Amino acid sequence: MEGLAQIAAQAAVLGVARAAEGAYPASVGLTPSEVPHGRPQIDPPGTWDQETWRQLGFEQLGPHYFSFAFESRIRGGGVQFTALAHGDLDGDGAQSTFSISGEAQSGAQSHLDPLYMNREVE
């Protein structure tokens, strides 16, 4: 949840600082591409070098249990984002999902939705 909070906070800053249509970085798929399976993972160098993660100021430097994704899209007069974290804490193949969404409209403050959790302790 800390990782998602960090991503959402930086996305909110970008939403206020940029025009709505370019407020958020481009979508990026699961990073790392494989969800850690029941034990913490240390990523190889370069895992978090994708431009979206750089713009969001996000990387996992130490051992972690989750893979992260960021989705952005244009909607109406603004843009929306969803930050996702997928984990398999007990290694049984069933994943938990945490997500937080937000949006930016031209001439308005960014808006963040509450954190969503599915299968929290998986």
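Me: Where is Thr 97 found, in a helix or a strand?
Reply: Thr 97 is found in strand 4, which covers residues 96-105. Keep in mind that this is a predicted model.

Me: Why is Thr 97 called buried?
Reply: Its relative accessible area is 16%, and buried means under 20%, so Thr 97 counts as buried.

Me: What makes the pairing of Thr 97 with His 86 a polar contact?
Reply: The two side chains come to 3.0 Å. The cut-off is a pair of N or O atoms within 3.5 Å, one able to donate a hydrogen and the other to accept it, so the pair qualifies.

Me: Which residues is Thr 97 in contact with, leaving aside neighbours within four places in sequence?
Reply: Leu 84, Ala 85 and His 86, plus Tyr 116, Met 117 and Asn 118. Contact here means heavy atoms within 4.5 Å.

Me: What about Val 16: why is it called partly exposed?
Reply: Val 16 has a relative accessible area of 48%. Exposed needs over 50% and buried needs under 20%, so Val 16 goes in between, as partly exposed. Val 16 lies in helix 1, residues 2-17.

Me: What is the omega of the peptide bond from Thr 31 to Pro 32, and is the bond cis or trans?
Reply: Omega is near -10°, and the bond is cis. For background, most peptide bonds are trans. Pro 32 is found in the loop between strand 1 (28-31) and helix 2 (51-56).

Me: Now the whole chain. How many helices and strands does the protein chain have?
Reply: Two helices and six strands, in the order α-β-α-β-β-β-β-β along the sequence.

Me: How do you know whether the radius of gyration agrees with a compact globule?
Reply: Set the two values side by side: for 122 residues a compact globule would have a radius near 14 Å, and the protein chain has 15 Å, so the two agree. The C-alpha trace spans about 45 × 30 × 20 Å along its principal axes.

Me: And how much of the protein chain counts as buried?
Reply: 42% of the 122 residues. The protein chain exposes about 6,500 Å², with carbon and sulfur atoms supplying 51% of that.

Methods. Residues are numbered from 1 along each chain as its sequence is written. This is a predicted model: local features need pLDDT of at least 70, side-chain atom pairs count only at pLDDT 80 or more; totals for chains, interfaces and linings use all residues. Side-chain values use heavy atoms; hydrogens and water are left out. Helices (H or I, at least four residues) and strands (E, at least two) are DSSP runs, numbered from the N terminus. The radius of gyration is taken over C-alpha atoms; the globule rule is 2.2 Å times the number of residues to the power 0.38. Buried means under 20% relative accessible area, exposed over 50%, partly exposed in between (1.4 Å probe, protein chains only). Accessible areas come from the Shrake-Rupley method with a 1.4 Å probe; for residues, only the protein chains shown count as cover.
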